[in-house]
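Trainee: I'd like to learn how to read a structure like this one. Could you walk me through it?

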Amino acid sequence: MRIPYQALEKITINEIGEGIAADRFKTADLAVVLLPARPGRIRWSALPDGHRLKARLAQAQDDELLTELCDTGATRLLIARVPVDADGFRRLERARKLLEGGLRPRDRALLIDTRLLPESAAADWSEALVSAALARIAPLPSRKREPPPPWGLRRIDLAGAHPPALSRARAAAQGNHIARWLARLPGNELTPARYRRLAEDLARREGISSRFLGEAALERLGAGAFLAVSRASERRDAGILHLRYRPRGGGRRPALALVGKGICFDTGGVNLKSARYMHGMHEDMSGSAVALGTLLALKRLKFPLAVDCWLALAENHIGPRAYKPNDVVHACDRTSIEIVHTDAEGRMVLADTLALASRSRPRLMLDFATLTGACVQALSTRYSGALCNRAHLHRAIETAGRESGERVWPFPMDDDYDQALESDIADIRQCTLDSEADHILAARFLNRFVAPDTAWIHLDLSASRHKGGLAHVPTDNTGFGVGFALRLLEQDKIRRLWEAC
Ligand SMILES: [Zn+2]
């Protein structure tokens, strides 16, 4: 088994000029034509059979019309009115819904025509439709006797304004695809050992170096927080996979460190989860898959600076060796931690992983984790939460979320929250037994393990699963985080972190 991360590279995307648009209309299986929602002068003659379409659309009750091109009959035509000032999320969601009704599995060629939109909106809408198409056709694992047929799409033609960020959209789609592909694998297939091999194989093929810190190495490093979680597993395959992307001239010290929680199955441990809450816990590795997807996307975009990526791979099991409430363990920076609830394992494995990642003093550290139910209660599964040790980055975080369609909301990080984590016996308590603001307490706990001179953003991925899909992504597993991260790195306030290097 290999991660099919090159699947979307087979799609060619062509930016076509006015001269050949008419020709491409005839060879497309589906042509999507966007019009501004507000009435105004529309150049109907730019479309084949434009005046008949104008009359048909005037009769249609909806903002959309699915019809056929008169002269060929083979091309399905989807005309839709769209708001030109929609934000990233709305554009992507509308694009998903348009293709849900329009694109068929056997379609090989898709034409996206934005020539009738104002230029400022055309590029954004074009990009949204490309993103939605790539998200829809990305192949995901199926173990059915008769798996769904693969999508036939091979070509996307773009008529109209050329999206300047097409390469970012493609890279984000690829990273999002592998995040969803990994999250979908069942827990008996994606064990820590198997996950490690898949990620190492991807790294090798991409020229990214890797080293694996298994349990023995973590023991030597004194990573007792991580090992407390992993020690109940019968397979001794847990560990931290450290991937290093070093572009030429990008320096040795990482500008950016990506960190991900990779709990391949979470039973809750001794504080065992009930059936309702254990169901789906093979997806508790989603954060690490997003970190890996982001690294691949940055490689595709030829990101000019050095990046580290740390994947904390383990299972949280129950058994005679399992850690238990009131145990005291030591993280690799010698912080002693009083265990309160064994289901709060994510912050345990991340504590050591963040501490190790901090040692190379990255300018920015970005961690992804399906960490707390409290974050879902606060935001639902539509947004993810962000907690950051630099309050002046909140605006950049929110903007990146809105633009990418992966919406993120910042929470407070004031240090008086630490009072809730005071322990009589150890330096810190792992969590509390009250459910009050656990997402904030989790971040305050993790904050201890991050070097203060590193800007750090922790993403609590409450939106990693959303029934029916989210923004442009049509599946319940959303792969949320890759698109956000790529946009975040384009924000001026974030770029300034590198300039200070
Ligand atoms: Zn848990």
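Predicted model: local features only at pLDDT ≥ 70, side-chain atom pairs only at ≥ 80, totals over all residues.

Trainee: Which domains does the domain assignment give for the protein chain?

Mentor: Domain bounds come from an automatic or database domain assignment. Here that assignment gives domain 1 (7-162) and domain 2 (171-499). Their centres, taken over C-alpha atoms, are 36 Å apart.

Trainee: How many residues of domain 1 are in contact with domain 2?

Mentor: Two residues are in contact if their C-beta atoms, placed from the backbone, lie within 7 Å. By that rule, 19 residues of domain 1 are in contact with 19 residues of domain 2. On the domain 1 side, α3 (88-102) and α4 (119-137) each supply at least two residues. α3 gives the most, with seven residues. As for the labels, helices (H or I, at least four residues) and strands (E, at least two) are DSSP runs, numbered from the N terminus.

Trainee: And what classes do the residues on that side of domain 1 fall into?

Mentor: Ala, Val, Leu, Ile, Met, Phe, Trp, Tyr, Cys and Pro count as nonpolar, Asp, Glu, Lys and Arg as charged, and the others, Gly among them, as polar. The side of domain 1 that touches domain 2 has 12 nonpolar, two polar and five charged residues.

Trainee: At what angle do the axes of α3 and α4 cross?

Mentor: Axes are lines fitted to C-alpha atoms, for helices over the stretch in contact, and angles run from 0 to 180 degrees between N-to-C directions. The axes of α3 and α4 come within 8 Å and cross at roughly 55°. By class, the contact of α3 with α4 divides into eight nonpolar, one polar and four charged residues.

Trainee: How are α5 and α10 oriented, parallel or antiparallel?

Mentor: The axes of α5 (residues 166-184) and α10 (residues 286-300) come within 8 Å, crossing at roughly 155°. The two helices are therefore roughly antiparallel. Among the residues that meet are Ile 178 and Leu 182 in α5, and Leu 292 and Leu 296 in α10. This contact has 11 nonpolar, six polar and one charged residues.

Trainee: Why is α14 described as largely enclosed by the rest of the structure?

Mentor: A residue is buried if 20 or more other C-beta atoms lie within 10 Å of its own, exposed if 12 or fewer, and partly exposed in between, with C-beta atoms placed from the backbone. In helix α14 (residues 438-447), nine of the 10 residues are buried, so the helix is largely enclosed by the rest of the structure. Its buried residues pack against α11 (345-358), α12 (373-379), β14 (384-388), β16 (428-429) and β17 (455-460).

Trainee: How do α11 and α14 pack, at what angle?

Mentor: The angle is about 30°, with the axes 9 Å apart. α11 and α14 are therefore roughly parallel. The contact is made by Arg 347, Leu 350, Ala 351 and Leu 354 of α11 with Ala 442, Phe 445 and Leu 446 of α14.

Trainee: Now single residues. Is Asp 113 buried or exposed?

Mentor: Asp 113 is buried, with 27 other C-beta atoms within 10 Å. This residue sits in strand β5 (residues 109-113). Leaving out residues up to four places away in sequence, Asp 113 touches Ala 31, Val 32, Val 33, Ala 159 and Gly 160.

Trainee: What about the phi of Arg 361?

Mentor: Most residues other than glycine have a negative phi. Arg 361, not a glycine, has a positive phi of about 50°. Arg 361 lies in the loop between α11 and β13 (364-369), and counts as partly exposed, with 13 C-beta neighbours inside 10 Å. Ser 380 also has a positive phi, about 70°, although it is not a glycine. Ser 380 is in the loop between α12 and β14 and counts as exposed, with 11 C-beta neighbours inside 10 Å.

Methods
Residues numbered from 1 in each chain as written. Parallel < 35°, antiparallel > 145°, perpendicular 65-115°, else oblique.
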